[in-house]
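Subject: Handover of a structure and the findings in it

Dear colleague,

Please find the structure below.

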Amino acid sequence: MFIAGFPAGPWGTNCYVVATGPGTECVVVDPGKDAAAGVAEVVRENGLKPVAVLVSHGHIDHMWCVAPVAGTYDATAWIHPHDRHLLSDPMAGMSRETAGMLLGGKYEFAEPDDVAELSDLQTLELAGLQFTVDHTPGHTEGSVTFRTPYGEEAGDQEISELMFSGDLLFAGSIGRTDLPGGDHPTMLRSLRDKVLTLPDDIVVLPGHGEQTSIGRERATNPFLLDLTGDLTSDSDASAGTPTRGL
């Protein structure tokens, strides 16, 4: 499997290009601000052809270049229906600080020509790869993760899957829930039901920061350590309020 990841733009959002190998079709995950040039470089150097753009959620730091990338390569953009409106109106999901950063600029956003909607537990067959979609609301109403089989070894351990986690899960943290559409108890429920049920060997490729694994986060992430069955009082979790993400 071929995977190229790079942080792009002022928010350092990780964009990923995934393929079965050089010279094949590929999938682009979360092309945020200033990611188009990085995608073009990876595509050119490795003889790739993007056929799909996967969007983990509709925040502007993850979808800024979705339309340009999808349009350039005639690729389909995939997003959950609860976040689809953010493709053309990203301001609806912004924090006050982010909106302030963009004041004075002339920005126009529109849906790509070809948009397809994601659903929970959907299986996508794209570019010779298989992706399982998990709907994981909390950071936004339409947040999703994408898991793809890996089946290769890293060191002395075999990795069963890769998870592109967007802003659900980071190394040592989780996504913030104080933005429009965010909800902390819902985020914790997504983590309990969609993350803690996964095998430890899955490698997590997050929307920001370094890669990690389910096992590492299960053992060390303060937001996951006390996550049990009853979430009714978890909105004031002892780990504090997460601020990672847009």
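A residue is called buried when its relative accessible area is under 20%, exposed when it is over 50%, and partly exposed in between (1.4 Å probe, protein chains only). By this rule, 54% of the 246 residues of the chain count as buried.

Residues are numbered from 1 along each chain as its sequence is written, and side-chain values use heavy atoms, with hydrogens and water left out.

**Confidence and overall composition**

The predictor's confidence in each residue is given as pLDDT, on a scale from 0 to 100. Its average over the chain is 90, and 87% of the residues score at least 70. Residues 232–238 stay under 50, and the model has seven contacts for them beyond four places in sequence; a contact means heavy atoms within 4.5 Å. Where pLDDT is low, the predicted coordinates should not be read in detail.

The chain has seven helices and 14 strands. These are DSSP runs numbered from the N terminus, with helices being H or I of at least four residues and strands being E of at least two. Among contacts between residues at least 6 apart in sequence, 63% join residues at least 24 apart. The accessible surface of the chain is about 10300 Å², and 47% of it belongs to carbon and sulfur atoms; the areas come from the Shrake-Rupley method with a 1.4 Å probe, and for residues only the protein chains shown count as cover.

Which residues of helix α3 (residues 66–73) are buried? They are Val66, Val69, Ala70 and Tyr73. Viewed down the axis of α3, these buried residues fall within an arc of 95°, so they line one face of the helix. The arc is that of the directions from the helix axis to the C-beta atoms. An α-helix has 3.6 residues a turn, so residues three or four places apart point the same way. Gly71 and Thr72 are exposed, on the face of α3 turned away from its buried side. The partners against which the buried residues of α3 pack include β3 (25–29), α1 (35–46) and β4 (49–54). After α3 comes Asp74, with a positive phi near 55°.

In helix α5 (residues 184–194), His184, Met187, Leu188, Ser190, Leu191 and Lys194 are buried. They cover an arc of only 160° around the axis, which puts them on the same side of α5. Among the elements they pack against are β8 (129–135), β10 and α7 (222–225). Leu191 has a relative accessibility of 0% and therefore counts as buried. Beyond its neighbours within four places in sequence, Leu191 is in contact with Leu168, Leu169, Ile174, Leu196, Leu224 and Leu227.

**Aromatic pairs**

How many aromatic pairs does a search of the whole structure find? It finds two. Rings of Phe, Tyr and Trp (its six-membered ring) pair if their centres lie within 6.5 Å; planes under 30 degrees apart count as stacked, over 60 as edge-to-face and the rest as tilted.

Tyr16 and Phe164 form an edge-to-face pair, at 5.3 Å centre to centre and 65° between the planes. Tyr16 lies in strand β2 (residues 13–19) and Phe164 in strand β10 (residues 157–166), so the pair ties together parts that are 148 residues apart in sequence. Both Tyr16 and Phe164 are buried.

The ring centres of Trp64 and Phe109 are 5.2 Å apart and their planes stand at 85°, so this pair is also edge-to-face. Trp64 is in the loop between α2 and α3, and Phe109 is in the loop between α4 (96–102) and β6 (115–117), 45 residues apart. Trp64 counts as buried at 14% relative accessibility, as does Phe109 at 18%.

**Two further residues with positive phi**

Asp30, in the loop between β3 and α1, has a positive phi near 55° without being a glycine. Its relative accessible area is 3%, so Asp30 is buried. Ala127, in the loop between β7 (123–126) and β8, likewise has a positive phi of about 55° although it is not a glycine. Ala127 is buried, with a relative accessible area of 11%.

Yours sincerely

Technical notes: Predicted model: local features only at pLDDT ≥ 70, side-chain atom pairs only at ≥ 80, totals over all residues.
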